[in-house]
Amino acid sequence: MESSNLISYSIKDMCWCCPYSSSMSSSSRALLFSNARHGMRSMKSGRGEWSIQGSHSNSKLASGRCNIRAHASDTTTSSENKIEVVYNPQKRIDELTMELNSSSSVAVSNLTLFSPSKVNVFLRITGKRPDGYHDLASLFHVISLGDIIKFSISPSTTKDSLTTNASGVPLDEKNLIIKAFNLYRRKTGTQKYFWVHLDKQVPTGAGLGGGSGNAATALWAANQMNGNIASEKELQAWSAEIGSDCPFFFSQGAAYCTSRGEVVRDIAPPISLDTPMVLIKPKEECSTAEVYKLFSMERVSTKDPEELLREISQNGISQNVCINDLEPPAFEVLPALKALKERVAAAGRGRYQAVFMSGSGSTIVGVGDLEPPQFIYDEEQYRDTFISEAFFLTRKENEWYQQLIDNTCSIEEKTCL
């Protein structure tokens, strides 16, 4: 006899419980969650048919990251029964939908995905290639700062449509999302076009790989909306044609990347995922082309990148391992960036485990604390500085990255959501 389970919802002072079978399919569970959420909304407006099961105010369990609270139920269950307490119904619905989409060969017509960014915990430049690019060896790690992208099938048979909340973002084929769709159609022979809205949170010119993350997310979405006809490995290989950072996002979240960055070796996360960090990006951007123009192999570190990887895997993150060979030329392009890094490191001594620049700049990362030094708030020159809390992030196999919380803000706003 199959065991029965209980989906339990609680909003404000109401507790909602729905029985479900442990053998129930992902699609049925997703529908059940959706119906339960609709039932709660209906009851709140006096139209619901759902029943309340013994909820007591003195048994409230507070969730630290949301406004939805769970309550213990009087319902007595046997040892075969389970109760799933859901603090965030919408997030749980999204998780079940993602699980369904990832395992199904049935195409979906609408999809909302989190598009993450990354940091380079260390970045060694190991040589110059005959094709003009540089070989690198870097520990890439996905972080929780990211964009939200909504995808829908377009009725158009000739073009994709892209909208965004951010000014200055190209909406034509210069955008990596559109490039990703064109690449997917070319590789698979499919003819679907898409409507896309990009809710941009990752700043541009930051060294955080926001555009590359968008491209990888678009490839994932296109594959989902065409019935998963390509494998993850194929998507990863194809994405290298868009940009060197794109294949990394098809890792599990932590990877040692070599060559131009497109050779990706998945590794176990070498840093605890609950390690906090703060991202500090001045208004000024670093041009990657300008940084490489001023780059010289004579100024690079002599430390073996494989040894850096071993050290961070065994002993954790420290200032000694967070080497970025692009810092010297980036600091020439943007001298104020060097001063910012030095001041953050000095003000955060004993507070940050490491302070470093990500990619080719211009983001300075302080690992070990969610808050920037006070001078960032106090001084006029940093008024337009972008700051964001972040954590290291990974994903499960055959699932895309999931959003944690939104903690971005500007100095002008002074309030993080």
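In this predicted model, Lys341 is buried, its relative accessible area being 16%. Its partner is Glu327: the two side chains form a salt bridge with an N to O distance of 2.8 Å. Lys341 belongs to helix α9 (residues 335-347) and Glu327 to helix α8, so this contact ties together parts that lie 14 residues apart in sequence. Glu327 also counts as buried, at 8% relative accessibility.

Asp325 and Arg124 meet through their side chains at 2.6 Å, N to O. This pair links distant parts of the chain, 201 residues apart, with Asp325 in the loop between α7 and α8 and Arg124 in strand β6 (residues 110-128). Both Asp325 and Arg124 are buried. Within helix α7, Arg310 and Glu307 sit 3 residues apart, about one turn of the helix, and their closest N and O atoms are 2.8 Å apart. Here Arg310 is partly exposed at 39% relative accessibility, and Glu307 is partly exposed at 39% as well. A network of salt bridges links Lys283, Glu380, Arg383 and Asp384.

Strand β12 (residues 276-281) has 5 of its 6 residues buried. It pairs antiparallel with β15 over 6 bridges, placing Ile280 opposite Ile387. Strand β14 also runs antiparallel to β12, joined by 4 bridges, and there Met277 stands opposite Val367.

Note on methods. Residues are numbered from 1 along each chain as its sequence is written. This is a predicted model: local features need pLDDT of at least 70, side-chain atom pairs count only at pLDDT 80 or more; totals for chains, interfaces and linings use all residues. Side-chain values use heavy atoms; hydrogens and water are left out. Buried means under 20% relative accessible area, exposed over 50%, partly exposed in between (1.4 Å probe, protein chains only). Helices (H or I, at least four residues) and strands (E, at least two) are DSSP runs, numbered from the N terminus. Two strands pair if DSSP finds at least two bridges between them. A salt bridge is a side-chain nitrogen of Lys or Arg within 4 Å of a carboxyl oxygen of Asp or Glu.
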